[in-house]
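Dear colleague,

Please find below the structure that I am handing over to you. My notes on its contents follow directly after it.

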Amino acid sequence: MSATITRAPPADPLALPLSRKYLIFGILAFGQFMALLDIQIVAASLNGIQAGLSSGPDEVSWVQTAYLMAELVMIPFSAFLAQAMSTRWLFATSAALFTLASIACGFAWNIESMIVFRAVQGFVGGAMVPSVFAVGFTIFEGKQRALIPAILGMVSVLAPTLGPTVGGIITDTIGWRWIFFINVVPGIAVAVLTVLIVDVDRGDRAMFGRIDWSHLIAMAVALAGLEYVLEEGPRKDWFGDPVILLAAWFSFVAFCLFVERSLYSKNPIVRISPFRNRTFAFACVFNLVIGFGIYSSTYLVPVFLGRVRDFNSLQIGTTVFVVGCGQLVSTIFAAWASNNIDRRIVIAIGLSGFAFSLWLTSHLGSDWGFDELLVPQLVRGLFVMLCIVPSVNMALSAFQGPELRSASGLFNLMRNLGGAIGIATVNTWLGDNTRIQALRFGEALAANSRGAQETVAALAQRLSAVTPDAAHALQLAQASFARTVAREALTTAFDDVFRVMAWMFVAALVMVPFCKVPKNAAPVSPADAH
């Protein structure tokens, strides 16, 4: 007779009291918010980290690159770990290790140690993002389920929006190391509460003995290599740099091995079977486009305000916070619409509204600030939820159990990939268009050289009241005129990039009619239907 004591399986997650469900979901959603917020908090404080650790611009960029590379690997891997460890222990372990990694980052003594600790932080924190989606679709049903993508969509966009403001305030008031130390208390709270309250499934520890290591390594090399190429490519002339070219080659070969192992391995790390569902495949493409738009626009507006308007972190954060306000307003409506209207219609409206907001932003002027950006950003915040909520429901409603975890990991991976591709692409577009616009301005000024010379002469005459040296006044006037031309060329380049992004969202509308929502994906329960 065996003396082994086995723990009783958890109760049916759907049968849990509603208050317990909301508590479980709230704990996990807060952990996800903490992990996502940390990315942009650090992004806003890179200058402080660079000065504090005496590093160069290329070195400090790895503080973000290392985090994103590691996170990208963990997101699809989390489905396997959730099955092996259970959601409770995976999430609690992830939160605890994320907290320890945050402490290590705060005590980093040089740039090398910071990069290592950030990679660990990104890897362990990446498990929290897809786990929340899977649990939400496991414990809720009917109309309550429609709120899950609305709330998590708001979290996933609100966290990057708040990041620059929070990071700027913390760095300016108490120092850059505290952007990591502030994770300690909430991280411990999430880890402890997860152990005490979250109990929705059981793990199978035997899975750790059946890991397909070639599959895991191939996935890590493919995703980390791709992230490296996308992060470093715009700064290093893409494939003109031998390291970028080598990383791209390794990533491609590893991806081929990853697909082969996904199809033929007896114990694959990541199951790509959800892509057999046509609606899921289309939803992932939508998520790729949405990730491209969300992350790129969230990136471009602060860059414009910093480079053209010379705003500080707090001013930038205050200006972009309008997007979050728009999301808060539209969250409930997006959940209702996704539950009561054909999701294809909802996502078509969302994509059209998002495209309209980008078109409004494509009329940027070099004097634009909070007032001018208010309407475009408010429109973006209102319509982005109409993109996110139906796409999540379309992607995940048809799956259950282990396949739901795999689908959640792949779906979230697509949005992160869309963001990585988007930021790299718009950086390249911005650089190329700035050079093109500068040449056009030069050609226009050459065609009207007399007018340009008269403008410089008039400016030099005004400056002569400040400096008695006429030659110096002329040099100052020429420099000021050159800066004005460069600023206008850069502003026009931003307009071009936003306009291309708007057309990209319009083009994505072509896919909407081909999405077929399966009957078993409807979020309305039988009881709700009567």
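In this predicted model, Asp432 and Arg435 are joined by a salt bridge whose closest N and O atoms are 2.5 Å apart; the term denotes a side-chain nitrogen of Lys or Arg within 4 Å of a carboxyl oxygen of Asp or Glu. Both residues belong to helix H17 (residues 401-447), where three residues, about one turn of the helix, separate them. Helices are DSSP runs of H or I with at least four residues, numbered from the N terminus. Asp432 is partly exposed at a relative accessible area of 34%, whereas Arg435, at 54%, is exposed. The classes are buried under 20% relative accessible area, exposed over 50% and partly exposed in between, with a 1.4 Å probe and protein chains only.

As to provenance, residues are numbered from 1 along each chain as its sequence is written. The model being predicted, local features need pLDDT of at least 70 and side-chain atom pairs count only at pLDDT 80 or more, while totals for chains, interfaces and linings use all residues; side-chain values use heavy atoms, with hydrogens and water left out.

The structure holds five salt bridges. Another of them links Arg487 to Glu488, with 3.2 Å between the closest N and O atoms. Arg487 has a relative accessible area of 33% and is therefore partly exposed, and Glu488 falls into the partly exposed class at 23%.

A further salt bridge joins the side chains of Asp496 and Arg499, at 3.2 Å from N to O. Asp496 is located in helix H19 (residues 470-508). Because Asp496 and Arg499 are three residues apart in helix H19, about one helical turn lies between them. Is Asp496 buried or exposed? With 18% relative accessibility, Asp496 counts as buried, while Arg499 is partly exposed at 31%. Beyond neighbours within four places in sequence, Asp496 is in contact (heavy atoms within 4.5 Å) with Asn433 and Gln437.

Turning to the surface, Trp213, Ile217, Val221, Leu246 and Phe250 make up a nonpolar patch that has about 530 Å² of accessible area together. Such a patch consists of residues with over 30% relative accessible area and no salt bridge, nonpolar side chains (Val, Leu, Ile, Met, Phe, Trp, Tyr) being joined within 5 Å. The areas were computed by the Shrake-Rupley method with a 1.4 Å probe; for residues, only the protein chains shown count as cover. Helix H11 (213-232) and helix H12 (242-264) each contribute at least two residues to the patch, and the largest share, three residues, is from H11. Val221, which lies in helix H11, counts as partly exposed at 35% relative accessibility.

Not counting residues up to four places away in sequence, Leu396 touches Phe133, Phe137, Leu404, Ala407, Ser408 and Phe411.

With kind regards

Notes
Patches are made of residues with over 30% relative accessible area and no salt bridge: like charges are joined within 9 Å, nonpolar side chains (Val, Leu, Ile, Met, Phe, Trp, Tyr) within 5 Å.
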